[in-house]
Amino acid sequence: MKKITGSIVALVTPFNKDGSADYGRLKELADWHIENKTDAILVLGTTGETASTSLEEDIKTMECVLQHVNGRIPVIAGSGSNSSEMQKHKSVIYSQMGADALLCISPYYVKTNEEGMYRHFMMSADAASSPIILYNVPGRTGCKISPEVVRRLSTHPNVMGIKEASGDMSYAMKIARYLSDDFVMYCGNDDITVPLLSVGASGVISVWANIMPREVHDMVTDYLEGRHEKAIQTQLRYLDLINALFMEVNPIPVKEAMNLMGLKAGAFRMPMYPMAPENRAKLAKIMREAGLPVQEDVE
């Protein structure tokens, strides 16, 4: 798992109209990603709406994906919590279930000091048998993992990397100094994947890949194999589409896009709510301009 490169999809959780998880559709999406060269699947991330699902539901979702994927590609479990004990608890559970790695987030709402941040991640790294990926996303959590805490954690044998989703290239440059064969970085912002690859990132944990998995895989592969200009052109060609996927808070636009394409991402869990009609129309227009099929009569 420490050597994984490429496109890791931050997979949506499809819901039925009654709010229950659609496990049949989840399996179909996993197959579709494997067919389209997605390199790994992240389940139970921000895009999976796990803030509004129970631990019991999350375990069922992980079980569904792990059993269906059956080792064909790596499966990463989002085990994050603002409670250090709960994050450790989920990390142990998902490790025992067979997750290839764990995405552990910095504490949100309950902010902490430097030592508390360090120990928050250490608790999971020490307890879990699967390696952990740090998740830096201050736009969601209200705080960054400081470069010094990243440096300290980067030497832990069970900390395999960081998902860098601050959008701050200056911060990314600072933590890029700590990358090695045993500690890697994944871009967490689709609009700057190529720039982060240029400073040593090994791939992207991608929202965009939910609708264009082959293109994201090819873009990252092109860059890592030295076809830099081709990768840059792909990044720039789809930049308007990528930005449109974040015109409202994630995962609202990407699930709307999937539904417009007939990919059946299903309903939302409150407080996630369907896009405003004018934004949905803008999204559909940009999707058509990017060459994506848009079904006119989608609920």
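# Briefing: helix packing, buried residues and backbone geometry

T193 has its place in helix α8 (residues 193-198); helices (H or I, at least four residues) and strands (E, at least two) are DSSP runs numbered from the N terminus. The model is predicted, so local features need pLDDT of at least 70 and side-chain atom pairs count only at pLDDT 80 or more, while totals for chains, interfaces and linings use all residues. Residues are numbered from 1 along each chain as its sequence is written, and side-chain values use heavy atoms, with hydrogens and water left out.

- T193 counts as buried at 0% relative accessibility; buried means under 20% relative accessible area, exposed over 50%, and partly exposed in between (1.4 Å probe, protein chains only).
- The side chain of T193 reaches the backbone oxygen of D190 at 3.3 Å.
- Apart from neighbours within four places in sequence, T193 is in contact with C187, V204, M219, V220 and Q235, where contact means heavy atoms within 4.5 Å.

- Helix α12 (252-261) is largely enclosed by the rest of the structure, because 10 of its 10 residues are buried.
- The buried residues of α12 include I252, V254, K255, M258 and N259.
- These buried residues pack against α1 (23-35), α11 (239-244) and α13.
- The axes of α12 and α13 come within 10 Å and cross at roughly 60°, which makes α12 oblique to α13.
- Axes are lines fitted to C-alpha atoms, for helices over the stretch in contact, and angles run from 0 to 180 degrees between N-to-C directions.
- Angles under 35 degrees count as roughly parallel, over 145 as roughly antiparallel, 65 to 115 as roughly perpendicular, and the rest as oblique.
- The crossing of α12 past α13 is right-handed; a crossing is left-handed if the near helix is turned anticlockwise from the far one by less than a right angle, and right-handed if clockwise.
- From α12, P253, E256, A257, L260 and M261 meet R280, L283, A284 and M287 of α13.
- The residues of this contact between α12 and α13 divide into 7 nonpolar, no polar and 2 charged.
- In this division Ala, Val, Leu, Ile, Met, Phe, Trp, Tyr, Cys and Pro count as nonpolar, Asp, Glu, Lys and Arg as charged, and the others, Gly among them, as polar.
- A284, in helix α13, is buried with a relative accessible area of 7%.
- Not counting residues up to four places away in sequence, A284 touches L260 and V294.
- A284 and Q295 lie 11 residues apart in sequence and 9.1 Å apart in space, C-alpha to C-alpha.

**Helices α3 and α4**

- Helix α3 (residues 84-97) and helix α4 (residues 114-127) pack at an angle of about 25° with their axes 9 Å apart, which makes α3 roughly parallel to α4.
- The passage of α3 across α4 is a right-handed crossing.
- In α3, S84, E85, Q87, K88, S91 and V92 meet H120, F121, M123, S124 and A127 in α4.
- The residues of the contact of α3 with α4 comprise 4 nonpolar, 5 polar and 2 charged.
- G98 is found in the loop between α3 and β4 (101-105) and is partly exposed, with a relative accessible area of 38%.

**The loop between α12 and α13**

- R269 is found in the loop between α12 and α13 (277-289) and is buried, with a relative accessible area of 14%.
- A polar contact of 2.5 Å joins the side chains of R269 and E57.
- A polar contact is a pair of N or O atoms within 3.5 Å; within protein, one must be able to donate a hydrogen and the other to accept it, and residues adjacent in sequence count only if both atoms are side-chain atoms.
- Beyond its neighbours within four places in sequence, R269 is in contact with F15, G19, S20, E49, S52, T53 and E57.
- P271 lies in the loop between α12 and α13, and the peptide bond from M270 to P271 is cis, with omega near 15°.

**Other backbone geometry**

- Most residues other than glycine have a negative phi, and most peptide bonds are trans.
- The peptide bond from N250 to P251 is cis, with omega near 10°; P251 is found in the loop between α11 and α12.
- E49, in the loop between β2 and α2 (55-69), has a positive phi near 60° and is buried, with a relative accessible area of 4%.
- K37, in the loop between α1 and β2 (40-43), has a positive phi near 75° and counts as partly exposed at 46% relative accessibility.
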